[in-house]
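Hello! Here is the structure I promised to pass on to you. Have a look at it first, and then read my notes below.

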Amino acid sequence: MASADLTPAADAADLLTLLASRGWTLAVAESLTGGLVTARLVAVPGASAVLRGGVTAYATDLKASVLGVDAELLAARGAVDPVVARQMAQGVRRLLGADVGLATTGVAGPDPQDGKPPGLVHVAVVSPERTEVAELHLDGDRAAVREATVVHLLALARGVVTG
């Protein structure tokens with residue numbers, strides 16, 4: 001999927017429209033994006049009909065204590081892991097009582113984290129029908145990695161919701 005094909009504002013609006021048409025609600029768990037996904041969604045008029053809320057669990061311990069990510073998994077693999085992303089999406093879905101959960105975890109840079117290189121990101125979408133986790137290898141500075149993460153997650157979520 002080429003970044004040029006992705007338009008975050010349109011993807012946010014499209015995602016919210018698709019969710020509304022299915023009668024589904026949405027919750028977001030963010031780490032490296034620090035609230036950017038939720039902000040992109042709330043920028044769309046009428047988002048409150050679908051979006052339940054978001055949790056920014058930037059610190060690793062909050063992923064376990066707030067979102068219910070397995071603490072042993074976090075200790076063994078660190079926060080930048082596909083299973084952690086999936087558990088974050090499942091946890092925020094449960095915590096906020098939503099039908100669909102989205103999650104981001106990764107390394108925005110400029111330095112590695114837990115031996116993981118900058119630009120390594122995992123995004124997850126959990127719906128009543130399907131779970132998808134994607135590993136991304138993104139280029140650019142911190143801001144570019146964070147923005148590309150939002151774009152890719154919204155596109156992935158749209159695909160999951162449309163089936």
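A29 has V55 in β2 as its bridge partner. Strand β1 (residues 26-30) runs parallel to β2, and five bridges join the pair; two strands count as paired if DSSP finds at least two bridges between them. Helices (H or I, at least four residues) and strands (E, at least two) are DSSP runs numbered from the N terminus.

This is a predicted model, where local features need pLDDT of at least 70, side-chain atom pairs count only at pLDDT 80 or more, and totals for chains, interfaces and linings use all residues. Residues are numbered from 1 along each chain as its sequence is written, and side-chain values use heavy atoms, leaving out hydrogens and water.

Now the whole sheet: it is open, has five strands in the order β2-β1-β3-β4-β5, and its pairing is mixed. At the edges sit β2 (51-56) and β5 (131-137), each pairing on one side only.

The largest nonpolar core holds 31 residues. Such a core is a set of buried Ala, Val, Leu, Ile, Met, Phe, Trp, Tyr and Cys residues joined through side-chain atoms within 4.5 Å, where buried means under 20% relative accessible area (1.4 Å probe, protein chains only). L15, L102 and V125 are among the residues with the most contacts inside this core. Its largest share, nine residues, comes from α6. A second, separate core of 18 residues includes A29, L67, L74 and V92.

Enjoy exploring!

Definitions and conventions. Buried < 20%, exposed > 50% of the residue type's maximum accessible area, 1.4 Å probe, protein only.
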